[in-house]
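Open your viewer and get ready to select residues. This short tour goes from stop to stop.

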Amino acid sequence: MSTKRSKRWNGELDSLAPDFLKEVIEKMNAYGDRIQFAAPGKPRTPCYQIINARDMKMGFDERHLLLRLNADGNVADEVGPVFTLEAIRAAMAGGTRKTATRAGTSRSSASTPRRSAASSAPAAAPVDTVEQDKYAYFKDNRDYLPEGIVKHSQEISQLMRGGMSAEQAFEAIIKAHF
(Lines give C-alpha, C1' and ligand atoms only; values in the text may rest on other atoms or scores of the structure.)
Protein backbone atom coordinates (compact mmCIF):
# COMPACT_ATOMS: atom_id res chain seq x y z
CA MET A 1 0.00 0.00 0.00
CA SER A 2 1.19 3.50 -0.75
CA THR A 3 -0.29 6.78 0.34
CA LYS A 4 -0.56 9.80 -1.92
CA ARG A 5 -0.10 12.44 0.75
CA SER A 6 2.79 12.42 3.19
CA LYS A 7 3.35 14.68 6.17
CA ARG A 8 6.46 16.30 4.70
CA TRP A 9 6.95 17.63 1.22
CA ASN A 10 9.19 15.33 -0.80
CA GLY A 11 9.50 17.41 -3.96
CA GLU A 12 6.51 15.84 -5.70
CA LEU A 13 3.28 17.71 -6.40
CA ASP A 14 1.24 14.72 -5.23
CA SER A 15 2.63 15.09 -1.71
CA LEU A 16 1.23 18.62 -1.24
CA ALA A 17 -2.04 19.00 0.65
CA PRO A 18 -5.13 19.94 -1.40
CA ASP A 19 -5.77 22.98 0.81
CA PHE A 20 -2.24 24.24 0.13
CA LEU A 21 -2.68 23.67 -3.62
CA LYS A 22 -6.00 25.51 -3.56
CA GLU A 23 -4.26 28.61 -2.18
CA VAL A 24 -1.46 28.20 -4.73
CA ILE A 25 -4.03 28.13 -7.56
CA GLU A 26 -5.61 31.34 -6.23
CA LYS A 27 -2.21 33.06 -6.23
CA MET A 28 -1.47 31.76 -9.74
CA ASN A 29 -4.82 33.07 -11.01
CA ALA A 30 -3.91 36.47 -9.66
CA TYR A 31 -0.20 36.73 -10.50
CA GLY A 32 1.05 34.26 -13.11
CA ASP A 33 0.58 31.02 -15.00
CA ARG A 34 3.74 29.14 -13.96
CA ILE A 35 5.22 28.17 -10.62
CA GLN A 36 8.47 26.87 -9.14
CA PHE A 37 8.78 25.39 -5.67
CA ALA A 38 11.88 25.56 -3.50
CA ALA A 39 13.80 22.30 -3.30
CA PRO A 40 12.55 19.91 -0.59
CA GLY A 41 13.84 20.65 2.85
CA LYS A 42 12.66 20.93 6.42
CA PRO A 43 9.29 22.66 6.02
CA ARG A 44 6.17 20.57 5.65
CA THR A 45 5.13 22.75 2.73
CA PRO A 46 7.53 24.57 0.43
CA CYS A 47 7.88 28.21 -0.42
CA TYR A 48 7.27 29.00 -4.06
CA GLN A 49 7.57 31.64 -6.75
CA ILE A 50 4.95 32.45 -9.34
CA ILE A 51 6.18 33.45 -12.78
CA ASN A 52 4.10 35.62 -15.08
CA ALA A 53 4.13 35.85 -18.89
CA ARG A 54 6.98 38.40 -18.79
CA ASP A 55 9.10 36.03 -16.65
CA MET A 56 8.76 38.27 -13.59
CA LYS A 57 8.61 36.40 -10.28
CA MET A 58 6.74 36.86 -6.99
CA GLY A 59 7.78 34.77 -4.02
CA PHE A 60 5.47 33.33 -1.36
CA ASP A 61 6.24 31.43 1.81
CA GLU A 62 4.50 28.27 3.03
CA ARG A 63 1.69 30.42 4.49
CA HIS A 64 1.15 32.20 1.13
CA LEU A 65 2.58 35.49 2.36
CA LEU A 66 4.91 37.56 0.17
CA LEU A 67 8.51 36.49 0.40
CA ARG A 68 11.53 38.53 -0.64
CA LEU A 69 13.49 36.98 -3.49
CA ASN A 70 17.21 36.33 -2.99
CA ALA A 71 20.04 37.95 -4.97
CA ASP A 72 19.56 35.42 -7.79
CA GLY A 73 15.89 36.41 -8.14
CA ASN A 74 14.53 33.17 -6.65
CA VAL A 75 12.83 32.23 -3.38
CA ALA A 76 15.62 29.78 -2.51
CA ASP A 77 19.09 28.82 -3.62
CA GLU A 78 17.69 25.66 -5.20
CA VAL A 79 14.35 25.60 -6.98
CA GLY A 80 12.62 22.75 -8.74
CA PRO A 81 11.14 22.52 -12.21
CA VAL A 82 8.57 24.96 -13.57
CA PHE A 83 4.98 23.71 -13.34
CA THR A 84 1.99 25.06 -15.23
CA LEU A 85 -1.37 25.98 -13.74
CA GLU A 86 -2.82 22.87 -15.37
CA ALA A 87 -0.24 20.67 -13.61
CA ILE A 88 -1.16 22.17 -10.24
CA ARG A 89 -4.87 21.63 -10.91
CA ALA A 90 -4.18 18.02 -11.93
CA ALA A 91 -2.18 17.43 -8.74
CA MET A 92 -4.99 18.89 -6.65
CA ALA A 93 -7.47 16.60 -8.39
CA GLY A 94 -5.16 13.65 -7.74
CA GLY A 95 -3.91 13.40 -11.32
CA THR A 96 -0.43 12.75 -12.52
CA ARG A 97 2.54 15.03 -11.91
CA LYS A 98 4.07 14.37 -15.33
CA THR A 99 2.75 17.64 -16.81
CA ALA A 100 5.69 19.69 -15.61
CA THR A 101 8.06 21.64 -17.83
CA ARG A 102 11.69 22.17 -17.04
CA ALA A 103 13.00 25.66 -16.33
CA GLY A 104 15.36 25.55 -19.30
CA THR A 105 12.72 24.84 -21.94
CA SER A 106 11.50 27.43 -24.38
CA ARG A 107 8.42 29.25 -23.16
CA SER A 108 7.58 31.41 -26.13
CA SER A 109 5.70 28.80 -28.17
CA ALA A 110 3.71 27.51 -25.22
CA SER A 111 2.90 30.84 -23.61
CA THR A 112 -0.21 31.57 -25.70
CA PRO A 113 -2.24 28.57 -24.47
CA ARG A 114 -1.21 29.31 -20.90
CA ARG A 115 -2.40 32.88 -21.17
CA SER A 116 -5.77 31.82 -22.50
CA ALA A 117 -6.14 29.26 -19.70
CA ALA A 118 -5.11 31.79 -17.07
CA SER A 119 -7.36 34.52 -18.47
CA SER A 120 -10.41 32.25 -18.37
CA ALA A 121 -9.79 31.27 -14.72
CA PRO A 122 -10.29 34.74 -13.14
CA ALA A 123 -13.79 34.89 -14.63
CA ALA A 124 -14.74 32.13 -12.18
CA ALA A 125 -13.28 34.06 -9.23
CA PRO A 126 -14.11 37.81 -9.31
CA VAL A 127 -11.96 38.42 -6.20
CA ASP A 128 -8.87 37.67 -8.29
CA THR A 129 -9.60 40.56 -10.64
CA VAL A 130 -9.66 42.92 -7.67
CA GLU A 131 -6.28 41.63 -6.51
CA GLN A 132 -4.89 41.82 -10.04
CA ASP A 133 -6.06 45.41 -10.51
CA LYS A 134 -4.75 46.41 -7.08
CA TYR A 135 -1.36 44.86 -7.75
CA ALA A 136 -1.12 46.41 -11.23
CA TYR A 137 -1.89 49.87 -9.85
CA PHE A 138 0.59 49.40 -7.00
CA LYS A 139 3.29 48.18 -9.37
CA ASP A 140 2.78 51.11 -11.76
CA ASN A 141 2.72 53.74 -8.99
CA ARG A 142 4.90 52.33 -6.20
CA ASP A 143 7.43 55.17 -6.56
CA TYR A 144 4.73 57.74 -5.76
CA LEU A 145 2.83 55.86 -3.03
CA PRO A 146 3.62 56.27 0.68
CA GLU A 147 5.95 53.66 2.16
CA GLY A 148 3.43 52.13 4.63
CA ILE A 149 0.58 51.71 2.13
CA VAL A 150 1.13 47.93 2.06
CA LYS A 151 -0.24 47.68 5.60
CA HIS A 152 -3.62 48.81 4.27
CA SER A 153 -3.87 46.21 1.51
CA GLN A 154 -7.01 44.58 2.93
CA GLU A 155 -8.79 47.94 3.23
CA ILE A 156 -7.93 48.77 -0.37
CA SER A 157 -9.32 45.42 -1.50
CA GLN A 158 -12.56 46.02 0.43
CA LEU A 159 -12.99 49.45 -1.13
CA MET A 160 -12.42 48.00 -4.59
CA ARG A 161 -14.96 45.22 -3.95
CA GLY A 162 -17.36 48.00 -2.95
CA GLY A 163 -17.13 49.49 -6.44
CA MET A 164 -14.14 51.83 -6.34
CA SER A 165 -11.43 51.71 -8.95
CA ALA A 166 -7.87 50.93 -7.82
CA GLU A 167 -6.89 54.58 -8.14
CA GLN A 168 -9.87 55.77 -6.08
CA ALA A 169 -9.25 53.14 -3.38
CA PHE A 170 -5.57 54.03 -3.04
CA GLU A 171 -6.42 57.75 -2.88
CA ALA A 172 -9.04 57.13 -0.17
CA ILE A 173 -6.56 55.18 1.95
CA ILE A 174 -3.88 57.84 1.48
CA LYS A 175 -6.29 60.59 2.57
CA ALA A 176 -7.45 58.54 5.57
CA HIS A 177 -4.08 57.35 6.86
CA PHE A 178 -1.26 59.52 5.50
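**Stop one: a helix**

Select helix H2, residues 85–92; its buried residues are Leu85, Ala87, Ile88 and Ala91. Keep in mind that this is a predicted model. Now look down the axis of H2. The buried residues fall within an arc of 160°, so they line one face of the helix. An α-helix has 3.6 residues a turn, so residues three or four places apart point the same way. Next, click on Gly94, which follows H2. The phi of Gly94 is positive, near 90°.

**Stop two: a buried charge**

Select Asp61. You will find Asp61 in the loop between strand S3 (57–60) and strand S4 (66–67). Which side chain of opposite charge is nearest to Asp61? That is Arg63, 4.0 Å away. Asp61 is buried, yet has no salt bridge. Now show the backbone of Leu65. The side chain of Asp61 reaches the backbone nitrogen of Leu65 at 2.8 Å. Leaving out residues up to four places away in sequence, Asp61 touches Cys47, Tyr48 and Leu67.

**Stop three: the rings**

How many aromatic pairs does a search of the whole structure find? It finds seven. Select Phe37 and Phe83. Their ring centres are 6.3 Å apart and their planes are at 55°, so this pair is tilted. Phe37 lies in strand S1 (residues 34–38) and Phe83 in strand S5 (residues 79–84), so the pair ties together parts that are 46 residues apart in sequence. Phe37 is buried, at 2% relative accessibility. Phe83 is buried too, at 7%.

Finally, select Phe20, Tyr31, Phe37, Tyr48, Phe60, Phe83 and Tyr135. Ring pairs link these residues into a cluster.

Conventions. Residues numbered from 1 in each chain as written. Predicted model: local features only at pLDDT ≥ 70, side-chain atom pairs only at ≥ 80, totals over all residues. Heavy atoms only, no water. Buried < 20%, exposed > 50% of the residue type's maximum accessible area, 1.4 Å probe, protein only. Helix = DSSP H or I, 4+ residues; strand = E, 2+ residues; numbered from the N terminus. Arc of directions from axis to C-beta. Lys, Arg positive; Asp, Glu negative; His and termini not counted. Polar contact = N/O pair within 3.5 Å; in protein donor to acceptor, adjacent residues only side chain to side chain. Contact = heavy atoms within 4.5 Å. Phe/Tyr/Trp six-rings, centres within 6.5 Å; stacked < 30°, edge-to-face > 60°.
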